[in-house]
Amino acid sequence: MCFSTESHLCAVQLSLAFGTMAYPLRSEVVRLYKNLLYLGQEYPKGAGYFRDRLKSAFLKNKDVKDPEMIKQMIARGEFVIKELEALYYLRKYRTMKKRYYEPEE
Amino acid sequence: MSRVLVGVKRVIDYAVKIRVKPDHSGVVTDGVKHSMNPFCEIAVEEAVKLKEKKLIKEVVAVSCGPTQVTETIRTALAMGCDRGIHVEVSGKDYEAMGPLQISKIFAALAKKEEASLIILGKQAIDDDCNQTGQMTAALLDWPQGTFASEVTIDGEKVKVVREIDGGLETIKISMPAVLTADLRLNTPRYATLPNIMKAKKKKIANMKPADLGVDMVSRVEVLRVDEPPTRLAGVKVETVDDLVAKLRANGTI
């Protein structure tokens, strides 16, 4: 897996922090976390910077029990995934355009 | 029963600051982040799009190099390619590998796999050759649509809008053909973790250039690699008179 052992340990720690007692949507939350963590590896300010903020953002909400609230937060997380993909694409596109194409008049 | 071959190259990541080796024999690659060449990403995206439109049946991702290139093939599989081919090249052969050897490999694979289309990136961001697509087409005696910013399949023909100096050129070529992708062809999808996981089931075949009857001998020798000259610092002046005086002293006016 192209995932560092550290990142995987992080995900496991988080699963434990969420408690061994099943709460609604637990697997979705963990899945979202793993997906965001993977995406964060390419973050311009560094994978570590991203991971720290991701972890604290999730831990801040660890006591939320209401399924509706959890669903909303998951949706927000999915939105962040889309934002990151757009950020990465734009950054790459703009760099390539600057490097390989004449500036438009 | 159309099959598309897509070439993907593992290069130093576009965002990395390149450093020249102290002995000027090349650039530092050890421990440096590598990823798929951006133009190859665009090529993969185009092939996968064609498959999603049901215009072609199968997309095969091909990469040449040492074991690490399988990561790049996996990314292509995660983006939607059906299977991969890893042509193993390592050591001195890998260091000397260039467009000529790659195009010979692709020509041999195109015949073996009975491909109708080969889609490549227009150039790699490490060597900036912009030759592989053209050479491959020449070796196969196939038409080529290079610098493609728009591709439309129309029966047995392909309409290609090409980015050229001064504008756009539209051509119609017969299949089988070679296309090279330019920046504005499409927006490549991101290979997210769920896609990578799903792609683990897809097969990557392994072979050597010799299996394809290709000799890897290079006709090109790199003599020296240098950094570009550092830009000299500018000089600030206070008034227009100072500027004129400086320009006169410099011999510019």
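This is a predicted model: local features need pLDDT of at least 70, side-chain atom pairs count only at pLDDT 80 or more; totals for chains, interfaces and linings use all residues.

**Note on the structure**

Both B:Arg3 and B:Glu58 are buried.

1. B:Arg3 and B:Glu58 are joined by a salt bridge, with 2.6 Å between the closest N and O atoms. This pair links distant parts of the chain: B:Arg3 belongs to strand E1 (residues 3-7) of chain B and B:Glu58 to strand E4 (residues 58-65) of chain B, 55 residues apart.

2. B:Arg3 also forms a salt bridge with B:Glu113, where the closest N and O atoms are 3.7 Å apart. Here again distant parts of the chain are linked, since B:Arg3 is in strand E1 of chain B and B:Glu113 is in helix H4 of chain B, 110 residues apart. B:Arg3 and B:Glu113 are both buried. A network of salt bridges links B:Arg3, B:Glu58, B:Arg83 and B:Glu113.

3. Helix H4 of chain B covers residues 99-113. How far apart should its ends be? At 1.5 Å a residue, its 15 residues should span 21 Å, and the end C-alpha atoms are 20 Å apart, which agrees. The helix is mostly covered, as 11 of its 15 residues are buried; among them are B:Pro99, B:Ile102, B:Phe106, B:Leu109 and B:Glu113. Just after H4(B), B:Glu114 takes a positive phi of about 55 degrees.

4. Salt bridges over all chains come to 23. One of them is formed by the side chains of A:Lys92 and B:Glu41, at 2.9 Å from N to O. A:Lys92 lies in helix H4 (residues 67-100) of chain A and B:Glu41 in helix H1 (residues 38-52) of chain B, so this pair joins two chains. Buried means under 20% relative accessible area; A:Lys92, with 14%, is therefore buried, and B:Glu41, with 15%, is buried as well.

5. B:Ala148 is located in strand E7 (residues 144-154) of chain B. Is B:Ala148 buried or exposed? Its relative accessibility is 0%, so B:Ala148 counts as buried. Leaving aside residues up to four places away in sequence, B:Ala148 touches B:Val160, B:Val161, B:Thr180, B:Ala181, B:Asp182 and B:Leu185.

6. B:Asp182, one of the residues that B:Ala148 touches, is found in the loop between strand E10 (177-181) and helix H6 (193-199) of chain B. With 1% relative accessibility, B:Asp182 counts as buried. Its contacts, not counting residues up to four places away in sequence, include A:Tyr101 of chain A, together with B:Phe39, B:Lys122 and B:Glu163 of chain B.

7. The secondary structure of chain A consists of four helices and zero strands. Of the 105 residues of this chain, 30% count as buried. Among the contacts in chain A with a separation of 6 or more, 67% come from residues 24 or more positions apart.

8. B:Leu247 is placed in helix H7 (residues 240-250) of chain B, and its relative accessibility of 31% is the reason why it counts as partly exposed.

9. For residues 24-216 of chain B, an unreviewed UniProt entry lists "domain: Electron transfer flavoprotein alpha/beta-subunit N-terminal". In the model, this span is 33% helix and 30% strand, and its end C-alpha atoms lie 24 Å apart.

Notes:
Residues are numbered from 1 along each chain as its sequence is written. Chains are lettered from A and ligands numbered from 1 in the order in which they are written. Side-chain values use heavy atoms; hydrogens and water are left out. Buried means under 20% relative accessible area, exposed over 50%, partly exposed in between (1.4 Å probe, protein chains only). Contact means heavy atoms within 4.5 Å. UniProt positions are given in the numbering used here, feature names are shortened, and annotations may be inferred rather than shown by experiment. The expected span of a helix is 1.5 Å times one less than its number of residues. A salt bridge is a side-chain nitrogen of Lys or Arg within 4 Å of a carboxyl oxygen of Asp or Glu.
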